[in-house]
Amino acid sequence: MHQPYETRYVEDRSPGSGRLAPRAAFRSDAPVVGLDGAWRFRAATGLGDLTAGFEDPAFDDAAWDRLPVPSCWQLQGVGSPAYTNVTYPFPLDPPRVPDENPTGEYRRDFTLPDGWPAGRGVLRFDGVDSCFAVWLNGVRLGDGKGSRIPTEFDATDALRPGRNVLAVRVHQWSAGSYLEDQDMWWLSGIFRPVQLLSRPEGCVEDFFVHADYDHVSGAGTLSVDTTGPAGLSVPELGLVDADPAGPHTFAHVEPWTAEQPRLYEGELTAAGERIPVRIGFRRVVVEDGLLKANGCALLLRGVNRHEWDPETGRTLSYETMLRDVLLMKRHNINAVRTSHYPPSSDFLALCDEYGLWVVDECDLETHGFEQVGWRGNPSDDERWREAMLDRMRRVVERDKNHPSVLMWSLGNESGSGDNLAAMAEWTRSRDPSRPVHYEGDRDSGYVDVYSRMYADHAETELIGRGEEPPTRDPSLDAHRRGLPFILCEYAHAMGNGPGGLSEYQRLFETYPRLQGGFVWEWIDHGIARRTADGRVFHAYGGDFGEPVHDGNFVADGLVLPDRTPSPGLLEYKKVVEPVTIGFGVDGGKCVEVRNGHDFRDTAHLRFRWWAEDDGERVGDGVFDVPVLAPGERAHLPLPELPPCKDAERALTVVAELAAAEPWAPAGHEIAWGQTVIAPAAPAPEPGRVLPAVSGRGGRLTLGPAAFDAHHGRLLAVGGLDVGALRLDLWRAPTDNDLLGDRVADRWRAAGLHRLTTKVLDVAATGEGLTVRTRAAPAGADHAVRATYHWRSDGRSLRLDADIAPEGEWPCPLPRIGIGFSLPGWIDTVDWYGLGPGEAYRDTTAAARLGRYRHTVEAMQTPYVRPQENGNRRAVRRALLTGARGGLLIGGLPSYDLTVRRWTSAELDAARHTTDLVPGDRVHVNVDVAHHGIGTASCGPGPLPQHALGAGPVALRLVLRAL
Ligand code: IPT
């Protein structure tokens, strides 16, 4: 095959050619030409389909399409996205890649501005996936790999006054792809900005800010290494045009922490440019087996963040990055692991400014080699050493001046090997001020923190106690035992969940060695798509016809693709709240407030209380809490309250921002606690009881209710027709039910989704109606007996249902309760119980007792792949209403409730949210309990105390038509 171009670089392990040495990312006042915008573009099918002469400035591209830069071309209608988690989407034959190698040819021209200074011109690409070559005015500048790390080329000699023509060829697959097997969509193109930077004579090529904080004395030491002569000014510190190298010592500085991200504005002034620098003084060490900042052990309340936008993929606007930061701050998150590549520099600048600790991760993952027993893994193959070191250098050099960067991470899931050890060694020598992280080093030989993913609670506790099993090499074992522990991934937020967060947090708070973790992950990577009739849904793996894919495993975030917080994020916010408000101390007479911040006292918070009787407010006020230092607690008397009569009284105390912070307005809630002070009075037994009376048409009536005389089935309450009331054990499996230990398979095998009911006996008596039933699946001899005792006082209908399994039960139950349907005109749910959001037994932390009102639509959580959702817990009573009346469901004492416009079977069958079409009925489930949620899609299932075993239960309700 004749090729007009040298294309060996595509399949060569080298990180690139013609590139400039990596350096810090910064903006200065030196001129810049932004090269983003519409470029000319041609999609080639592979290296055999290249356009000869495309780099020639005279080449006529008028017939070519246009493509925005930056963008991911698959999201601009060129080719298709493809999703795999671990599996490489091409044969493992490193460094070769398929002949079918979609290649984008990009062209644009630009005008060099008048007055462009003498000196060098540098072409900077912030991110190109996965490999590219660059020509300026027909001159080949070089080529590069490393998709999510910048590459710079010296453009000086090729640049000319006036019109310049830039041509870039980008290949989807390259040797570099073997190092980029992250669990995410395979997307290609120039997806981050491109710039021409002037590097005037007398500019500063690179600099490294060292801003140390001595927490004992409060002193700060500042020293900036620069590659050329410059002056350093930090007016607030009295530095004016000083020697950057210093070291300059200041007796008192305010340190930088994620809680109080104090930045000092400075400037480097060189002959050729002025560079703003933002300085944060802090000291990060691993000492006494703890990860400390400014002398204080950290508790990381973190998330793993991929860069994602449902429309533009990995091309993010500044607004989107800011939105992530604000959302994180508002949900009590204090740390981000940039899984599994360095993010846009803008994101790190936002972390500096708003305050988030960052584990900055190299663009590296070779996970797919695990599927062949790690045979041929680049991490342990010397031929890849330079490529891997190059990636690490480029990350550290780019990001070294961000105070938010707490640790360097070598990458993710790349097995182990000498190349990783070499990366760690280089990193430590270049930047001794930050610990090195990598999870895949099982012996922790070359890292400074012991990091794991998805360890279950029991193992995490063992590690907390320092009792984990030894590694083979005693010296490595001793090293690891001296290290702090973090869960770099835990609590897999796929679909409904994650469950079990509270129990992890209790462990983190109990064992100093456990310094918190990073929930997997921040956002669902769903791709916005439209149905033929224009409704938006989010696509996942397999939706683009990929032959190999991992389905909706890509949708496992705490926010939905459109960044709507999912119930999991609200749960996490509550679980990691930095102030805890507890009750039950001093004989129930006091509220305990504890400041769980690492650094900050509580002066920025104000506390309020309110009391409610059956959800009606009966008092409120300011709650006086003295300023508490980090770690300090106080016991404060409960507020004075009027006497409580025959009601359930709850007291709520909240901590909120007293004044606006840059990331949230005054009044933003940070933490809360709630207690029931007086329990509800027991419900009275019905005063008089009516007999069940035979009526016309095979009907029985009992007070306001009508039953089918033959089957004893409830037909209507006060004229409101009730459909198909039955025992229900089934829920549309969640991702956590389906994956991991696959409890949903056992449910299906046990036939829980296809129970049939046999009515054993219908007894209409002077006391009411008793219906005995047995529900069981075809072919099985396990069953559930449900006996319904119906009574009425003439106004309400009371149900006492006794439910008991029979025979050998092969599995826990998804749920246990009753299901029925109501007319479709029901559109609103008012309830008194836990809310306002979804909650299950191991995801209940964020729900609090109160009165709430939602439309039926708002009761749903639109998980990317439809599944069980929207449960409200501990509902004391609910009113389901619409234009024509409604139904009150009173709990004796309470129940779990879901209300939706489709059945569980329809929810189970749906693949996307738009498959769910409202029917003409509203489907209601009233449950005694649900099985826990857990996080088995990656990690442990529900803890034993959250499993729903098959055993006898009672459901007691009062029904009344409205
Ligand atoms: C872990 C990966 O590090 C992460 O990228 C993601 O794939 C996550 O799993 C699951 O969503 S690796 C896994 C083998 C624990």
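Mentor: Start with Arg848, which lies over the face of Trp672, 4.8 Å from the ring centre. Keep in mind that this is a predicted model. Another placement of this kind involves Lys400, which lies over the face of Phe208 at 5.8 Å from the ring centre.

From rings under a charge, turn to rings beside rings. The structure holds 34 aromatic pairs. One of them joins Phe90 and Trp173, with 5.2 Å centre to centre and 65° between the planes, which makes the pair edge-to-face. Phe90 sits in the loop between strand 5 (82–84) and strand 6 (103–112), while Trp173 sits in the loop between strand 12 (162–171) and strand 13 (184–186), so the pair ties together parts that are 83 residues apart in sequence. Phe90 counts as buried because its relative accessibility is 7%, and Trp173 is buried too, with a relative accessible area of 9%.

A second pair is made by Tyr264 and Phe281: the ring centres are 5.5 Å apart and the planes stand at 80°, so this pair is edge-to-face. Tyr264 belongs to strand 21 (residues 264–269) and Phe281 to the loop between strand 22 (274–279) and strand 23 (284–287), so the pair ties together parts 17 residues apart in sequence. Both Tyr264 and Phe281 are buried.

Phe90 and Trp173 also belong to an aromatic cluster, together with Tyr88, Tyr178, Trp186, Phe369 and Trp384.

Two single residues show how the surroundings can be read. Thr787 is in strand 51 (residues 783–792). With a relative accessible area of 18%, Thr787 is buried, because the cut-off is under 20%. Leaving aside neighbours within four places in sequence, Thr787 is in contact with Thr770, Val771, Arg772, Asp800, Ala801 and Asp802.

Pro642 is in the loop between strand 40 (633–637) and strand 41 (649–657). Pro642 has a relative accessible area of 38% and is partly exposed. Not counting residues up to four places away in sequence, Pro642 touches Val618 and Arg649. The C-alpha atoms of Pro642 and Val618 are separated by 7.8 Å, and the two residues are 24 residues apart along the chain.

Last, the setting of these parts. The chain has 11 helices and 59 strands, and 60% of its 962 residues count as buried. Among contacts with a separation of 6 or more, 74% are between residues 24 or more positions apart. The C-alpha atoms fill a box of roughly 100 × 70 × 60 Å along the principal axes. The chain exposes about 34900 Å², and carbon and sulfur atoms supply 51% of it.

Definitions and conventions. Residues numbered from 1 in each chain as written. Predicted model: local features only at pLDDT ≥ 70, side-chain atom pairs only at ≥ 80, totals over all residues. Heavy atoms only, no water. Helix = DSSP H or I, 4+ residues; strand = E, 2+ residues; numbered from the N terminus. Buried < 20%, exposed > 50% of the residue type's maximum accessible area, 1.4 Å probe, protein only. Contact = heavy atoms within 4.5 Å. Phe/Tyr/Trp six-rings, centres within 6.5 Å; stacked < 30°, edge-to-face > 60°. Lys NZ or Arg CZ within 6 Å of the ring centre and 35° of its normal. Areas by Shrake-Rupley, 256 points an atom, 1.4 Å probe, with all protein chains shown as cover.
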